[in-house]
Amino acid sequence: MNMQTQAEPFTLQRRNPGGGTAPLRRWGFANETDRLTDVLLGSPAHLKHLSTSSLSRKHLREAPCNIQVAQAQHAELVAAYQHFGVNVHVHDAQPELPMQVYARDSSVMTPYGAIITAMAQWWRRGENYAAIRTCERLGIPIYDMVTAGTFEGGDFNVIEEGCVLIGCGGARTQEEGARQVASWFEAEGWEVRIAFIDEYYVHIDLMVVPVADKLTAVCEACTDPAVVDWLKGKGHEIIDVPFQDTMALGCNFMSLGCDRVIAPTSSKTLIGKLRARGFEVADLDMSEISKTGGGIHCMAQSLKREA
Ligand SMILES: NC(=O)NCCC[C@H](N)C(=O)O
């Protein structure tokens with residue numbers, strides 16, 4: 001029997017309310033640092049530089065994004081995934097969705113299927129419906145959909161197998177949404193920690209991103225020290241990313257597993273520390289596209305990772 005015949009059928013709600021939902025065979029991952037085989041990206045075809053956050057507003061005032069350059073930078077990102085042998089899946093581009101390039105946010109992959117989130121800003125809400133269609137097209141069963149307030153995918157941060165850090169800034173992910181998702185994963189037997197952050201930072205994946213097993217990049221200058229202690233208490237080594245780099249999305253990179261990382265060129269300290277540890281780092285100039293408020297991690301959703 002091949003993988004395809006073993007794949008679970010597409011469904012709109014796979015979650016077992018009492019917990020014990022079976023992990024998927026065809027899609028998903030145990031953690032965010034195993035070898036990435038399939039990634040979901042969004043097209044920048046209809047990207048617009050909108051006033052979405054303090055960070056994007058600052059660039060909008062000073063030097064708005066050159067969309068053509070941003071699109072070329074995104075093409076380099078796609079090429080990098082392909083270079084590393086990752087299968088790239090892309091949402092169908094829709095002119096009504098100017099932020100669809102940030103594929104991390106409208107849905108979230110889990111070991112049990114995708115969560116359809118609930119975007120906070122009206123110009124991103126349609127991305128949730130588009131994500132349902134993408135799941136149907138790719139045959140990814142939906143675990144569940146967020147119905148209690150708003151919840152954005154950049155706030156669902158799998159720290160290690162069976163452990164998730166949920167960001168809650170209020171403006172994007174509301175406490176109601178965070179608690180609903182937390183309750184699902186607690187029922188599955190996961191350790192769940194909610195991190196309250198200032199809405200200035202938009203999502204928790206601006207400041208905390210897993211690199212490898214027990215190795216996590218954190219901007220210690222803006223991350224709650226209790227979260228840093230919690231990570232250390234779990235045996236994680238921390239790679240500290242400077243505040244200024246973090247504000248330029250320098251802590252927002254993608255682990256491909258097997259000591260390979262895609263990171264923004266501007267994040268010199270992180271790249272230096274990773275290379276010193278023997279990591280292969282593909283560094284890409286993301287400076288133009290990131291003016292619109294997100295980085296490499298925000299633009300990617302792991303669909304499948306293999307141990
Ligand atoms: N996970 C992320 O941090 N995503 C970045 C989203 C950027 C987009 N301009 C937004 O503000 O929604």
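This is a predicted model: local features need pLDDT of at least 70, side-chain atom pairs count only at pLDDT 80 or more; totals for chains, interfaces and linings use all residues.
User: Which residues of α8 are buried, and what arc do they fall within?
Analyst: Helix α8 runs over residues 268–276, and its buried residues are L270, I271 and L274. Looking down the axis of α8, they line one face of the helix, because they fall within an arc of 95 degrees.

User: What covers that buried side of α8?
Analyst: The cover for the buried residues of α8 includes a helix, α7 (243–247). Strands are part of it too, among them β10 (215–218), β11 (237–240), β13 (260–264) and β14 (280–284).

User: Which residue with a positive phi follows α8?
Analyst: The phi there is near 95 degrees. The residue that follows α8 with this positive phi is G278.

User: How far apart are the end C-alpha atoms of α5, and what span should its residues give?
Analyst: Helix α5 covers residues 175–187, which makes 13 residues. At 1.5 Å a residue they should span 18 Å, and this agrees with the distance between the end C-alpha atoms, 18 Å.

User: Where do the buried residues of α5 sit around its axis?
Analyst: The buried ones are G177, A178, V181, W184 and F185. They cover an arc of only 125 degrees around the axis, so they sit on the same side of α5.

User: Is E199 buried, exposed or partly exposed, and which residues is E199 in contact with?
Analyst: E199 is found in the loop between β8 and β9 (208–212). With 15 other C-beta atoms within 10 Å, E199 is partly exposed. G169 is 30 residues away in sequence, yet its C-alpha is 4.6 Å from that of E199. Leaving aside neighbours within four places in sequence, E199 is in contact with G169, G170, A171 and R172.

User: Which residues come nearest to the ligand?
Analyst: The shell around the ligand divides into 5 nonpolar, 8 polar and 4 charged residues. Of the 17 residues around the ligand, those that come nearest are T52, G154, G293, G294 and C298.

User: What ipTM does the predictor give the complex?
Analyst: For the protein, pLDDT averages 97, and 98% of the residues score at least 70. The complex gets a pTM of 0.97 and an ipTM of 0.97.

Definitions and conventions:
Residues are numbered from 1 along each chain as its sequence is written. A residue is near a molecule or strand if its C-beta atom, placed from the backbone, lies within 6 Å of it. Ala, Val, Leu, Ile, Met, Phe, Trp, Tyr, Cys and Pro count as nonpolar, Asp, Glu, Lys and Arg as charged, and the others, Gly among them, as polar. pLDDT is the predictor's confidence in each residue, from 0 to 100. Helices (H or I, at least four residues) and strands (E, at least two) are DSSP runs, numbered from the N terminus. The expected span of a helix is 1.5 Å times one less than its number of residues. A residue is buried if 20 or more other C-beta atoms lie within 10 Å of its own, exposed if 12 or fewer, and partly exposed in between; C-beta atoms are placed from the backbone. The arc is that of the directions from the helix axis to the C-beta atoms. Two residues are in contact if their C-beta atoms, placed from the backbone, lie within 7 Å.
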